[in-house]
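Biologist: Please pick one part of this model and look closely at its surroundings, with every cut-off spelled out. Then set other parts beside it.

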Amino acid sequence: MWKQKVFPVLCRLEDFKPLNTFPIYMVVHHEASIINLLETVFFHKEVCESAEDTVLDLVDYCHRKLTLLVARSGDSGPPEDDESRYSTPMQELQKQAELMEFEIALKALSVLRYITDCVDSLSLSTLSRMLSTHNLPCLLVELLEHSPWSRREGVCWFLSPGKLQQFEGSRWQTVAPSEQQKLSKLDGQVWIALYNLLLSPETRARYCLTSFAKGQLLKLRAFLTDTLLDQLPNLADLQSFLTQLALAEPQPPKKDLILEQIPEIWERLERENRGKWQAIAKYQLRHVFSPSEQDLRLQARRWAETYRLDVLEAVAPERPRCAYCSAEASKRCSRCQNEWYCCRECQVKHWEKHGKACVLAAQGDRAK
């Protein structure tokens with residue numbers, strides 16, 4: 001809210017000419033730190049379940065970020081990190097904030113995907129917010145269409161399509177031709193979120209498939225190639241759902257009376273500060289963003305203590321372990337979602353032991 005309501009006003013003030021942008025940068029950077037922590041903790045389903053109705057605020061937050069991501073997809077993604085282009089500290093700060101906003105939106109996508117993993121345990125208000133108020137399935141379709149984390153560099157319409165680049169690790173990286181058919185992590189997050197939102201019994205009973213929603217969702221059929229299905233076999237169920245949807249009549253918009261909960265944190269902050277944004281900006285200019293050299297050194301020392309690696313490691317949850325070799329794992333069995341692996345080779349070696357349990361778990365989930 002500060003970035004939307006106060007920061008633009010602050011930048012327009014005539015006497016806002018900071019010699020050092022460090023205090024503002026740390027405020028902007030704080031959001032990136034929080035979304036990184038949220039991505040880490042929401043990986044665990046029990047966190048989402050314990051959040052209860054405050055998930056409404058987080059769903060709204062993720063929706064705002066992804067809507068902005070789609071709106072900016074006409075641009076070529078985030079700016080390149082080229083310091084020679086910045087003539088003033090404020091211009092440098094604004095470019096850094098723009099790049100950070102892009103990365104925050106990508107993290108918000110991961111958080112939203114983890115929330116969709118828990119759709120069967122979310123409250124009716126949260127489901128209504130996701131499916132009716134924000135129509136997240138249609139928003140995710142637009143994300144797949146535009147894929148703002150991918151781009152073609154050096155495109156020449158009469159010679160070649162250019163090099164494929166993907167945004168990973170805070171920078172654009174060229175994808176080797178042999179890897180271009182491989183599903184990127186971010187595309188995978190969108191597909192899994194769509195799978196959860198469209199095929200979960202809880203959401204299928206509540207999502208109104210209007211003519212617009214039907215038209216948007218049927219665009220997915222063009223993306224469901226054999227190569228994609230080989231990488232995410234569960235999407236075969238989504239393909240069957242879309243085939244049935246193509247033959248079904250669209251539903252009329254629902255007119256049921258719904259008592260909808262509102263996101264409490266955002267609404268309260270906006271209500272308490274409405275009409276005060278300029279006064280807040282002027283106050284912060286005098287008391288927060290114009291520090292003396294001594295205050296600046298004190299702030300830097302406090303931030304350094306806050307972001308010390310051993311402090312962050314102390315609050316981070318333990319990483320999952322590979323079911324085969326017990327090494328730290330980052331990949332999950334796409335069918336049953338129960339076992340973890342450090343690499344494809346370990347998953348193949350463990351399949352003889354895991355196969356039966358995996359099939360039974362997947363069938364049990366479908367039965368539910």
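Modeller: In this predicted model, Lys 214 touches Leu 245, Ala 246, Ala 248 and Pro 250, leaving aside residues up to four places away in sequence, where contact means heavy atoms within 4.5 Å. Numbering runs from 1 along each chain as its sequence is written, and side-chain values use heavy atoms, with hydrogens and water left out. Because the model is predicted, local features need pLDDT of at least 70 and side-chain atom pairs count only at pLDDT 80 or more, while totals for chains, interfaces and linings use all residues.

Lys 214 belongs to helix 11, residues 211-218; helices are DSSP runs of H or I with at least four residues, strands are runs of E with at least two, and both are numbered from the N terminus. Lys 214 is buried and has no salt bridge, and Glu 249, the nearest side chain of opposite charge, is 6.2 Å away. Here buried means under 20% relative accessible area, exposed over 50% and partly exposed in between, with a 1.4 Å probe and protein chains only; Lys and Arg count as positive, Asp and Glu as negative, and His and the chain ends are not counted. A salt bridge would need a side-chain nitrogen of Lys or Arg within 4 Å of a carboxyl oxygen of Asp or Glu. What the side chain of Lys 214 does have is a polar atom 2.6 Å from the backbone oxygen of Ala 248.

Beyond residues up to four places away in sequence, Asp 57 touches Pro 263, Glu 264, Ile 265 and Trp 266.

Helix 8, residues 136-146, is mostly covered, with eight of its eleven residues buried, among them Leu 136, Pro 137, Cys 138 and Leu 139. Ser 147, which follows helix 8, has a positive phi near 40°.

As for cysteines, the structure holds zero disulfides, a disulfide being a pair of cysteine sulfur atoms within 2.5 Å. The sulfur of Cys 342 has its closest cysteine sulfur in Cys 325, and because the two are 3.6 Å apart, they are too far for a bond. Cys 342 is partly exposed, with a relative accessible area of 24%.

Definitions and conventions. Polar contact = N/O pair within 3.5 Å; in protein donor to acceptor, adjacent residues only side chain to side chain.
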